[in-house]
Amino acid sequence: MSKIATLVTSGYEDSELTSPKKALESAGHTVDIIENASNNKIYGEHGDEQDINVDIDDAKFDDYDALLLPGGGSPDALRVDERYVNFVKKFLMSNKPVFAICHGPQFFIQTGLANSLKLTAYTTIRYDLFYAGAEVLDQSVVVDKKHKLVTSRTPDDLDDFNRESLNLLK
């Protein structure tokens, strides 16, 4: 089964981490939560609490088969740090699966690769992605097969997001 890297920090939208994580793990995949310091805790916007498994400085791209980018305030906080941006960029350039929901696609703007992507995202960042050159759709889930990218807009889309993320790992 696949090993999934998840870049996330406090301020994430709880369900956009917990729902995909549960779906992936239930299907037999391993999900590592990566942030600044392993053995620390991070907190969601609504009280969820998660343990950090891997420090970003110890995270090795080659150890992972796919990448999960939950939304909420987390992507905006992390995308100012080149370590995270470079990690995301490696995934997009390698054609390994990437799953991003809500504000998660904000990372793509910093990578300089948004102009080649077809995606969706939360309403307030769709224009940012459009102006960065992405093909932006308003759908519950968008699968960019060329880039092995699955994106969704909000927690309301999690069923579609989880289904298509799992389909891409088959």
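Predicted model: local features only at pLDDT ≥ 70, side-chain atom pairs only at ≥ 80, totals over all residues.
Colleague: Thanks! At what angle do helix 1 and helix 6 pack?

Modeller: Helix 1 (residues 14-26) and helix 6 (residues 158-169) pack at about 40°, and their axes lie 10 Å apart.

Colleague: Which residues make the contact?

Modeller: Helix 1 uses Ser15, Glu16, Ser19, Pro20, Ala23 and Leu24, while helix 6 brings Leu158, Phe161, Asn162, Leu166 and Leu169. Sorted by type, the residues of this contact are 7 nonpolar, 3 polar and 1 charged.

Colleague: And which hand does the crossing have, left or right?

Modeller: The crossing of helix 1 past helix 6 is right-handed.

Colleague: New topic: which residues touch the most other members in the largest nonpolar core?

Modeller: That core has 28 residues, and Leu7, Ile34, Leu67, Leu69, Phe87 and Phe108 touch the most other members. Among the elements that each supply at least two residues are strand 1 (3-7), strand 6 (66-69) and helix 4 (106-111).

Colleague: Which element gives the most?

Modeller: Helix 3, with 5 residues.

Colleague: What does Ile34 touch?

Modeller: Leaving out residues up to four places away in sequence, the neighbours of Ile34 include Leu7, Ile52, Val54, Tyr64, Tyr84 and Phe87. There is also a second, separate core of 19 residues, with Leu24, Ile42, Phe99 and Val150 among them.

Key: Residues numbered from 1 in each chain as written. Heavy atoms only, no water. Core = buried A, V, L, I, M, F, W, Y, C linked by side-chain atoms within 4.5 Å. Buried < 20%, exposed > 50% of the residue type's maximum accessible area, 1.4 Å probe, protein only. Helix = DSSP H or I, 4+ residues; strand = E, 2+ residues; numbered from the N terminus. Contact = heavy atoms within 4.5 Å. Axes fitted to C-alpha atoms, helices over the stretch in contact; angles between N-to-C directions. Left-handed = near helix turned anticlockwise from the far one by under 90°. Nonpolar A, V, L, I, M, F, W, Y, C, P; charged D, E, K, R; others polar.
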